[in-house]
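Subject: Structure for you to look at

Hello,

Here is the structure I said I would pass on. My notes on what was found in it follow below.

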Amino acid sequence: MPRPPCCKRIAELPGVRYFKPRGVPLSVLEEVVLTLEELESLRLAHLEGLYQLEAAGRMGVSRATFGRVLDAAHRKVAKALVEGCALRIEGGTFQVEGGEEA
């Protein structure tokens, strides 16, 4: 039996949770689901420019776990961009800093 996923810290909930290619009806699009902790890993690594060790500390996980989360996020975003899929941001095992747990 696999271990349950650990709770990761995120700074805040995103204001926008859905992206899709312009001019393509949603009914014909495949959807890719990006979890909130995957979005947070992208934010920390690429918008804030943090090294993985520091970003992992902010999320409350090991560097290896952060690397796996970031890799999964890269793959999902790449699939959505290259294959023209819709990108839905939801779910995961996380706790908002100073807030709710999901």
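Helix H1 (residues 36–47) packs with helix H3 (residues 63–83) at an angle of about 100°, and their axes are 8 Å apart. Angles of 65 to 115 degrees count as roughly perpendicular, so H1 is roughly perpendicular to H3. On the H1 side the contact is made by Glu37, Glu38, Ser41, Leu42, Leu44, Ala45 and His46. H3 brings Phe66, Val69, Leu70, Ala72, Ala73, His74, Lys76 and Val77 to the contact. Sorted by class, the contact of H1 with H3 has nine nonpolar, three polar and three charged residues. Please bear in mind that this is a predicted model.

H1 has twelve residues, which at 1.5 Å a residue should span 16 Å; its end C-alpha atoms are 15 Å apart, which agrees. The buried residues of H1 are Leu36, Glu37, Glu38, Glu40, Ser41, Leu42, Leu44 and Ala45. They pack against strand S1 (8–10), strand S3 (31–34), helix H2 (52–59), H3, strand S4 (86–89) and strand S5 (94–96).

Just after H3, glycine 84 takes a positive phi of about 70°.

The count of salt bridges comes to nine. Three of them are described here.

- Glutamate 30 pairs with lysine 79, with the closest N and O atoms 3.4 Å apart. Glutamate 30 lies in the loop between strand S2 (18–19) and S3, and lysine 79 in helix H3, so the pair ties together parts that are 49 residues apart in sequence. Glutamate 30 is partly exposed at 43% relative accessibility, and lysine 79 is partly exposed at 29%.
- Glutamate 31 meets arginine 88 at 2.7 Å, N to O. This pair links strand S3 with strand S4, the two residues being 57 residues apart. Glutamate 31 is partly exposed, with a relative accessible area of 34%, and arginine 88 is partly exposed with 23%.
- Glutamate 48 forms a salt bridge with arginine 58, the closest N and O atoms being 2.6 Å apart. Glutamate 48 is in the loop between H1 and H2, and arginine 58 is in helix H2, ten residues apart. Salt bridges that share partners join Glu40, Arg43, Glu48 and Arg58 into one network.

Regards

Conventions: Residues are numbered from 1 along each chain as its sequence is written. This is a predicted model: local features need pLDDT of at least 70, side-chain atom pairs count only at pLDDT 80 or more; totals for chains, interfaces and linings use all residues. Side-chain values use heavy atoms; hydrogens and water are left out. Axes are lines fitted to C-alpha atoms, for helices over the stretch in contact, and angles run from 0 to 180 degrees between N-to-C directions. Helices (H or I, at least four residues) and strands (E, at least two) are DSSP runs, numbered from the N terminus. Angles under 35 degrees count as roughly parallel, over 145 as roughly antiparallel, 65 to 115 as roughly perpendicular and the rest as oblique. Contact means heavy atoms within 4.5 Å. Ala, Val, Leu, Ile, Met, Phe, Trp, Tyr, Cys and Pro count as nonpolar, Asp, Glu, Lys and Arg as charged, and the others, Gly among them, as polar. The expected span of a helix is 1.5 Å times one less than its number of residues. Buried means under 20% relative accessible area, exposed over 50%, partly exposed in between (1.4 Å probe, protein chains only). A salt bridge is a side-chain nitrogen of Lys or Arg within 4 Å of a carboxyl oxygen of Asp or Glu.
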